[in-house]
Amino acid sequence: MRLLKAEELFRKLLEGGSKKKARLLGLDVGSKYVGLAVSDQQNRIALPLSVLGRTKTNINLMADDFKTLVNNYSLAGLVVGYPFNLQGQSSPDASQVSLLVGELCKTGKLDDLSYTYWDENFTSKCVEALLNPLNLNDRVETKTMTDKFAAVCILQGYLDNMNRALTSADNVKSNLSSASGQWAFAS
């Protein structure tokens, strides 16, 4: 696996050029579960996908699951939720995320996959607030739903930010083209 800056991963995704549109997988890494979300084929909307159980001994199984998802969903990369503190520095929980990514890299099963980190601040808290009125009784089900939808929040935040930056860049280019055309007529 190769770490890319957020913009580089999105650029790679857009420049993929295959017939089948490449997509992204969002990850919310916790101590017991990894919530998963996948982008739609236009890379505009994050959709809940699944939750993987996480233990110290199942990293090879997790890597196999990720490899299957890469093939089934034409994934170009991972957007991994990373817990930054409010000052933009790594929080104490970040070690869990780094550990999982490092272990996945060591398996060698995902070498052709790129990934980036994306701020996950308050994603689980927001999802918990949304689920609270539903009065779900099963704690495990509530936790897995929280992790899955936190992954949606992480991936959706990334997609919104990257698409907004792309739209802004296109508008600037369009305005520059229009302006240069106007200058050509003015001379």
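**Aromatic ring pairs in the predicted model**

Ring pairs join Y82, F84, Y115 and Y117 into a cluster. Rings of Phe, Tyr and Trp (its six-membered ring) count as a pair if their centres lie within 6.5 Å; planes under 30 degrees apart are called stacked, over 60 edge-to-face, and the rest tilted. The structure is a predicted model, in which local features need pLDDT of at least 70 and side-chain atom pairs count only at pLDDT 80 or more, while totals for chains, interfaces and linings use all residues. Residues are numbered from 1 along each chain as its sequence is written, and side-chain values use heavy atoms, with hydrogens and water left out.

Y82 is buried, at a relative accessible area of 10%, whereas Y117 is partly exposed, at 22%. Here, buried means under 20% relative accessible area, exposed over 50%, and partly exposed in between (1.4 Å probe, protein chains only). The ring centres of Y82 and Y117 are 4.7 Å apart and their planes meet at 50°, so this pair is tilted. Because Y82 belongs to strand β5 (residues 75-82) and Y117 to strand β6 (residues 114-119), the pair ties together parts 35 residues apart in sequence. Helices (H or I, at least four residues) and strands (E, at least two) are DSSP runs, numbered from the N terminus.

Across the whole structure, a search finds five aromatic pairs. One of them, F10 with Y158, is edge-to-face, with 6.1 Å from centre to centre and 75° between the planes. This pair links distant parts of the chain, as F10 sits in helix α1 (residues 6-14) and Y158 in helix α5 (residues 139-186), 148 residues apart. F10 is buried, with a relative accessible area of 4%, and Y158 is buried too, at 0%.
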